[in-house]
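Here's a quick briefing to read alongside the structure. Have a look at the model first, then come back for the notes.

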Amino acid sequence: MGATTVGAALEEAAARDKVFLHDGDRAVTFAELNELADRVAAGLLARGVGRGDRVALLGSNTTQWLAAFFGAARIGAVIVPLNVRYREKELSYMLGDSGARTVVGISAVPGFDFAEFFAESKERFPGVTDYIFFESGFPGSGTFAELTASPPDGDALAAARAAVDPADPLMILYTSGTTGRPRGAVITHRSILASARAQAEHFRMNEDDVLLGHLPLNHVGGITCTVMASLVSGATVALLPAFSPEAALNAIERHRVTFLGAVPTMYVLMLGHESFAERDLSSVRLCVAGGSNVEPALAAGIRRGFPGVPFYNLYGLSESSGACVLSPLDDDPETVERTLGVVVGGFEGRVVGPDGKPLPPGETGELQIRGDCVASGYWNKPEETAETFLPDGWLATGDMVELQPDGHLVLRGRKKEMYIQGGFNVYPVEIENVLTAHPKVAMAAGFGVPDEVLGEVGRFYIVPRPGAEPPTPEELTEYCRERLADYKVPRQFVITADVPLTPVGKIHKAALRERDLG
């Protein structure tokens, strides 16, 4: 079974005499991170932080961030991970909603000074009593060096560690959200370890693996699928403070990355980089894509770019703490392109209709997941928790899928993204898969918009492939007519240079809708 809390899992891994993190030119072993986490834990205890207190963690993918994460987890504090792209609106909402009492984070990023912002805005966050910065801050704030300066008080630290329960909240992870304000999914020690172990066991991760740590740590792709899966398997993580295709390709070559996980847009950017063909990427043993639907055209492109390297899907969400559906290792390319995979880790899955009753294979309904990976609910949102986290342990994912007789799941789209065109249900993901197979299309995203005659019609935004002549709406319409039922063919196309992305790199449809429709 192994350790049952995150702090204990790091201590267990510290027995391995090997590198856990590559952080720039620095190599950090499991034991070194464990010792630093102890110092963070002791420093927080000395400042009055204890079990259940919320600690907001703001920063990029660095050793300091992870030491603060594991140190807070070790004493039962609840981490509120914040993205460095957040500004006043997001920071104010998340700090207020979570009731954070301590902020630990980066002083500034290009274009924004967090220390200055907090110094000028302290009255907006009356619940925050302590600010600790990785670098210098403002008068009255602390530094990470000060936090970790004193050796741990063994008795106090041991008592705090012993009080942490596997069911305790570990993180309040705010979802990027498709509508309205973000909701804080409460991920527990048990749930994150269950998801991480399921992924590590399924993909046979081991001490020889090196993962690229470019997905933001305030997202399950970064913290669960990369860091925690590496922790429980003994793998190494090559940290990148932020993703860029060139930085990612450099890191793959330098650190001999074996396990490449990314969201689809990141693969598009890496494959399209001018130096891609010149890179030595021979260390990669498998490619995994998660976070959003992988169109068949992109899957084929990944296989061409990484010849002989198997490609798999990973499905998970904040509410499942990370991965819960993965492609079986023996799936052929056609199956990977067509399906999400199967439920893993001893978790359960079912597909239900509008009445909540299970549907037979071949019918489309909502995917529900049950098992130790499921988060405990939404922070301070009992009504939304009741809608998503059902009384019998099932998590309503909001994703519409079709269950096949062999257990594979076929994604049809988000429940809330479905629109009705001329009386027929249409799921955008199916149309997006067709459009991205067009030789002139790099990315496609669509949703329903009101129409006086048909009720709703599909409007799809098209980002042309670099170097290609932009497609016309007429040729896209004809392309879809040849491949889709007539009621699925979009009635509107918008050719655009870019589309908004979430902090993790997925197409942000809510922001796209707001940008163009208001």
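In which hand does H11 pass H12, left or right? The crossing is left-handed. Keep in mind that this is a predicted model.

**Helix pair H11 and H12**
- H11 covers residues 264-271 and H12 covers residues 296-305; their axes come within 10 Å and cross at roughly 45°.
- Angles under 35 degrees would count as roughly parallel and 65 to 115 as roughly perpendicular, so this pair ends up oblique.
- On the H11 side, the contact is made by Pro-264, Tyr-267, Val-268 and Leu-271.
- H12 answers with Leu-298, Gly-301, Ile-302 and Gly-305.
- Sorted by class, that contact has six nonpolar residues, two polar ones and no charged ones.

**Hairpin E21 and E22**
- Strands E21 (residues 395-403) and E22 (residues 409-414) run antiparallel, with five bridges joining them.
- If you want a landmark in the pairing, Val-401 stands opposite Leu-411 of E22.
- The two strands make a hairpin with five residues between them.
- In the turn, Gly-407 has a positive phi of about 95°.

**Ser-230 in H9**
- Ser-230 sits in helix H9, which spans residues 220-233.
- Setting aside neighbours within four places in sequence, Ser-230 is in contact with Phe-20, Phe-30, Met-205, Leu-211, Ala-235, Thr-236 and Val-237.

Notes: Residues numbered from 1 in each chain as written. Predicted model: local features only at pLDDT ≥ 70, side-chain atom pairs only at ≥ 80, totals over all residues. Heavy atoms only, no water. Axes fitted to C-alpha atoms, helices over the stretch in contact; angles between N-to-C directions. Helix = DSSP H or I, 4+ residues; strand = E, 2+ residues; numbered from the N terminus. Parallel < 35°, antiparallel > 145°, perpendicular 65-115°, else oblique. Left-handed = near helix turned anticlockwise from the far one by under 90°. Contact = heavy atoms within 4.5 Å. Nonpolar A, V, L, I, M, F, W, Y, C, P; charged D, E, K, R; others polar. Pairing = 2+ DSSP bridges.
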